[in-house]
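Welcome! Here is a short briefing to read alongside the structure. Take a moment to look it over, then follow the points below.

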Amino acid sequence: MTPPIGPLGVYVHWPFCKAKCPYCDFNSHVRQGIDQERWRNALLKELEHAAREAPERRVETIFFGGGTPSLMEPATAGAVIGRVKALWDTAAELEITLEANPTSVEAGRFAALAETGVNRVSLGVQAFNRSALGFLGREHSVDEAIAAIDTARRHFARYSFDLIYARPGQTAEAWEAELDHALALAGEHLSLYQLTIEPETPFAALHAGGKLVLPDDDLGRDLYDLTLDHCASAGLPAYEVSNHARPGAECRHNLVYWRYGEYAGIGPGAHGRLVVDGARRATATEKRPEAWLMRVEALGHGVTTDDPLSRDEQADEFLLMGLRLTEGIDPGRYAALAGRPLDTQRIASLTGHGFVETTPDGRLRVTRSGFPVLDAVVADLAA
């Protein structure tokens with residue numbers, strides 16, 4: 001099956017942070033003295049390469065991720081947005097999201113960023129508790145986080161913020177109070193993640209040495225259920241495993257990923273999925289910032305991986321991404337990608353265990369009981 005050519009999302013990776021958080025395994029780096037003009041020119045050059053690879057698309061979303069893109073000069077964000085609009089047709093309601101840390105210095109850039117066209121900001125608050133912020137290696141205070149949310153509300157049409165829960169020693173009562181505080185400050189969207197231990201991070205070393213103990217599975221499930229219930233009661237139901245929004249206020253860029261659409265990855269370590277000459281391809285760029293920069297300057301792009309995906313690989317990715325959504329997937333699209341339907345016996349078994357269900361319009365979705373074991377559900381269906 002030739003994948004259809006449709007709307008495009010553009011992801012732009014800014015790899016620099018003021019400090020590396022101990023739980024983070026993202027492609028982020030601490031550097032002193034960034035040559036913003038050189039980096040701006042390289043990002044623009046890689047955008048031009050992506051447009052040659054995927055012309056005649058309509059860009060519906062731009063997402064500045066990182067790293068900490070709020071450390072990017074507003075002029076750089078503005079140049080990227082302007083170049084995207086010059087290279088592609090863009091949607092009238094173009095969603096342009098930028099991730100930011102809620103320090104007072106970065107919040108001071110919000111007005112200038114809004115003037116560049118950024119219309120949605122995602123704040124890495126992570127906790128409303130002073131000791132938890134210290135444990136997570138965050139550089140802002142609780143007061144700064146609250147002030148940044150207020151500043152975001154004034155400058156951007158849409159805003160969201162992240163919290164990390166299921167932290168060591170966190171009780172259901174403590175998380176309930178923190179979550180209610182968050183919901184009182186929230187606008188239309190919240191991202192709420194259980195703390196996980198990622199390989200090769202400082203937290204991984206502490207965990208391996210028994211110095212960092214996460215809540216057990218039963219408490220983790222209780223915290224997850226509490227999160228779902230409180231967010232739904234506040235009008236922000238879950239639309240994805242860890243994301244909650246008022247209906248219609250979902251992050252449209254992330255929906256591109258989860259609905260298995262097309263997206264271009266720009267910047268160090270960025271991944272993309274593009275349909276080129278009728279084939280869906282997986283792209284990735286050089287991860288090391290300085291090596292990426294030199295590669296772009298020499299070759300016009302930083303792409304190091306550009307592989308066609310087999311039917312099985314596409315179908316597996318479609319399952320892995322789509323079943324994260326509460327809307328589920330269209331089994332017909334799976335069959336078109338894989339060249340075969342999903343196994344009805346496996347669906348029946350998972351349905352019998354209460355992990356999946358079929359909606360009246362024929363979509364297959366994971367149930368509330370199934371989301372805590374989502375990886376196992378996906379693996380079973382993909383087998």
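R40 counts as buried because its relative accessibility is 17%, and buried means under 20%. Please keep in mind that this is a predicted model. R40 sits in helix 1, which covers residues 36–53.

**Buried residues and their contacts**
- Beyond its neighbours within four places in sequence, R40 touches E73, A75, T76 and A79.
- L309 is also buried, at a relative accessible area of 15%, and belongs to the loop between strand 14 (303–308) and helix 12 (311–322).
- Setting aside neighbours within four places in sequence, the contacts of L309 include Y260, R273, R280, R281 and A282.

**Backbone features to look for**
- Most residues other than glycine have a negative phi, and most peptide bonds are trans.
- E200, which is not a glycine, has a positive phi of about 60 degrees; E200 is in the loop between strand 8 (189–194) and helix 8.
- D277 is not a glycine either, and its phi is positive at about 55 degrees; the loop between strand 12 (271–276) and strand 13 (279–285) holds D277.
- E200 is exposed at 83% relative accessibility, and D277 is exposed at 80% relative accessible area.
- Between G66 and G67 the peptide bond is cis, with omega near 20 degrees; G67 lies in the loop between strand 4 (58–66) and helix 2 (74–87).

**Charge on the surface**
- D216, D217, D218 and D222 form a patch of negative charge on the surface.
- Among them, D216 is in the loop between helix 8 (202–208) and helix 9 (217–233).

Note on methods: Residues numbered from 1 in each chain as written. Predicted model: local features only at pLDDT ≥ 70, side-chain atom pairs only at ≥ 80, totals over all residues. Heavy atoms only, no water. Patch = residues over 30% accessible without salt bridge, like charges linked within 9 Å, V, L, I, M, F, W, Y side chains within 5 Å. Areas by Shrake-Rupley, 256 points an atom, 1.4 Å probe, with all protein chains shown as cover. Salt bridge = Lys/Arg side-chain N within 4 Å of Asp/Glu carboxyl O. Lys, Arg positive; Asp, Glu negative; His and termini not counted. Charge placed at Lys NZ, Arg CZ, Asp CG, Glu CD. Helix = DSSP H or I, 4+ residues; strand = E, 2+ residues; numbered from the N terminus. Buried < 20%, exposed > 50% of the residue type's maximum accessible area, 1.4 Å probe, protein only. Contact = heavy atoms within 4.5 Å.
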